[in-house]
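Please look through the sequence and the structure shown here.

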Amino acid sequence: MVDLTRVWDVMVAGGGNAALCAAITARRAGASVLLVEHAPRSMRGGNSRHTRNLRALHPAPTDVLTETYLEEEYWDDLLRVTGGKTNEDLARMCIRASQHAPDFLKSCGVVFQPSLSGTLSLSRTNAFFLGGGKALVNALYRTAEQLGIGILYDTEVQHIEVQDGFATEAIISHHGFPERVRFKALIASSGGFQANRDWLRKYWGDAADNFQIRGTPYAQGRVLRDLLDQGVHEVGDPTQFHAVANDARAPMEDGGLAMRLDCVPFAVVVNRDVERFYDEGEDVWPKRYAIWGRLIAQQPGQVAFAVTDSKALHNYLPSVFPPYKANSIAELAGMAGIDAGKLEKVIADYNAAVRPGTFQPMKPDDCRTEGLTPPKSHWARLIDTPPYYCHPLKPGITFTFLGVKVNDRARVIMADGKPSANMFASGEVMAGNILGQGYLAGFGMTIGTVFGRLAGEEAARNVRN
Amino acid sequence: MLQENETTAEARRHMAVCNSCRYCESYCAVFPAMTMRREFSTGDLTHLANLCHGCKGCYHACQYAPPHEFGINLPVTFAEIRAQSYAHYAWPRAMGTLFERNGTVVTLAAALGVTLVLLLTMALVDPSILYTAQRGEGAFFRVIPMWLMVTLAGGTFGYAIIAMLIGGIRYWREVGGGAPAPGPILDTAVDIITLRNLGGGGHGCNDVDDGFSSQKRWMHQAMFFGFMMCFAATTSGAFYHHFLGLRSPHPFWSLPVQLGTWGGVLLCLGTAGLIRLKIITDPVPVAKRLVGGEYAMLSLLFLVSATGLLLLVVRHTGAMGVMLALHLGLVLALFVALPYSKMVHGVYRGLALWRHAREKRGGGMVAAE
């Protein structure tokens, strides 16, 4: 039974990896900690439930990472995906601290897969959680329980009372009942606002109704909005989000990783009007994940169709929902509900433009089109071997970039540039400080772990002083 | 081949999600075996279901577990398919229906076995012998004549072995195991002896909840080796009898009694431990329809070993006669129920592990895709 009459040293808003790392660290430092999770127990963990790995610097091979991954390479990778929209000091601090993230998580009962050189394309840079993010979340909650951290499920933080950069108390809805929580320090680890359609609608209009939210439906951004409204410094482009090409038939929320489709490089992609709109063979995985969600979000009806033939079927991961399958392009178009004549022409034009080459599915090869607009610059093979397949696509939003500004001690910065007296942040709610755009696989969990630990440490120190 | 039905359709739906997610790839043999396939015939599903050891790691780690709308719950789905395959490959076929209400069937077998042997003993044996202390060579056979013991036990056990063998052969052929070449027997034996697939890679599996432990693995192996030691006790007893001319009861320090005693202790501990785990475990990843048969078989094994140990304690007293009848009645029930109980999982699990070891070695599936 969690005591809501007492004054807690630290209240953590959120229940994912960043929240748990913060809560555990603060508790280990001696603070009394209350963690407030919006989701019910069975759906706890925010987007961490859907994650799989974390990107960690390592100067030598470890039991969970192969070869080496040093600061400069890590920084270059980050610089490339963000296009420079990052904070170098914070980013480098995070990169350096990432070296210790796997060991910290292990100390919390998280189990990693042994490193398997060569089998996973990410096993050099990323440490994989055995069983994935939900197993990690389970382990962290067990540790939190053992440490005596108060945990409230089914409880939404609705308002933080902030005066002159000092948070005094929170109004929460606990199983639907309003309650008040008093605390000495706040850690906001409450995620982005990607599951809040009304908010997305402000920037994207009706298109927002067609966005699939890949992760937790509890990412409503309520704490984020509340803090920004009370004079916390904002970072990140509020209109932007990370999105991938999802199966158009996926659940509108919480479909998770398995809904993503990676068939695009081996397909021809058309929009609802049966027009190609981007070079499907532009770049190699993983960058293509990051661009196709946004590309489809900008198409009419926020939908697209990837057309392949039987040659390509085994070049990409199997999809959860079977693709449309037909023996002619026209029949396929009928199944997808798009214009058959137009699709036949698009495929015929494409086939006429394909130049011979040596197909290599795992790296950019020399199979490309000539005289086609837009071109397909790699993996372009004739679509001529029935049965033909079509995967309908929609944008699947992973997270939003808007966040609260923090310093290198995870302390929240107010709009006037002054650090908050007792507010800290970790995870998606502050990731925009480092990730201004784009995404690096496993970096979200790295930010969550690194800043979670920092926030926990600093909040506990704050309380002691 | 198993008929297409709601469960196979459900298993195929599960495979579609799991094969796109693959987060569980390091848990056990099921997931690498799944990754080798894109389409799942009922034979494939039967193979994967029998490869599954029911460790529940995949359920507790699953981002799509209920109450998620995908409701992925592989331990339950595979347990259902396993049960269907036990019924389908039962020999003779008609006996497959015994898997329907298996708890009742096994319990009835136990009750009838005990009753039958008690009644037979009372009818055949002079009460002055049955209720008085019997000592010295051939004491047991004065209570239950050796010819009866050998006929009943040998007959039922022999039948069980034949029935399970035929079931195994039909399973292998229909599920698509490929030509029975000698393949990686050693790997398979190691998998069975160590229960590697219940190890979760060293930290254990989810016996009770989302925490890791190795209780099920230890308890199962206590039961398994206990059973094997009891079997060895019987075999060595027969050897003593027929080849060394030594008649039971054997001294406590003799090989048959030592094997039987410690085997019985292990069997008691293992079955009691497994029953305890079944009671306290999170019920969601458990196929409730099937636990009756599992409780019944575990209880029967426990009673067989417990009465065996009690027999050792009272063998020089007047209680020996009734205890012997009780013990042998339970043994008879065990042998009769053997091919129509959870015990058949050993055959199909072993074959599934063997097939998987072959597929791994071959770098892919043995059967044509």
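Which domains does the domain assignment of chain A give? In this predicted model, the assignment gives domain 1, made of residues 7–238 + 401–464, and domain 2, made of residues 245–396. Taken over C-alpha atoms, the centres of domain 1 and domain 2 of chain A are separated by 34 Å. Where these domains of chain A touch, 15 residues of domain 1 are in contact with 17 residues of domain 2. On the side of domain 1 that touches domain 2, the residues of chain A divide into 8 nonpolar, 6 polar and 1 charged.

Next comes a strand of chain A. Strand β12 of chain A spans residues 268–271, and both of its faces are covered. On one side V268(A) and V270(A) are buried, and on the other V269(A) and N271(A) are buried. The strand β12(A) pairs with strand β13 of chain A, residues 304–309, in the antiparallel sense, over 4 bridges. Within β13(A), A306(A) is the bridge partner of V269(A), a residue that is itself buried.

The last topic is the contact between the chains. Here 23 residues of chain B are in contact with 23 residues of chain A. Two or more residues of the touching side of chain B come from each of α1 (6–21) and α4 (57–60) of chain B. Of the elements, α1(B) gives the most to that side, with 5 residues. Sorted by class, the side of chain B that touches chain A has 10 nonpolar, 10 polar and 3 charged residues.

Conventions. Residues are numbered from 1 along each chain as its sequence is written. Chains are lettered from A and ligands numbered from 1 in the order in which they are written. This is a predicted model: local features need pLDDT of at least 70, side-chain atom pairs count only at pLDDT 80 or more; totals for chains, interfaces and linings use all residues. Domain bounds come from an automatic or database domain assignment. Two residues are in contact if their C-beta atoms, placed from the backbone, lie within 7 Å. Ala, Val, Leu, Ile, Met, Phe, Trp, Tyr, Cys and Pro count as nonpolar, Asp, Glu, Lys and Arg as charged, and the others, Gly among them, as polar. A residue is buried if 20 or more other C-beta atoms lie within 10 Å of its own, exposed if 12 or fewer, and partly exposed in between; C-beta atoms are placed from the backbone. Two strands pair if DSSP finds at least two bridges between them.
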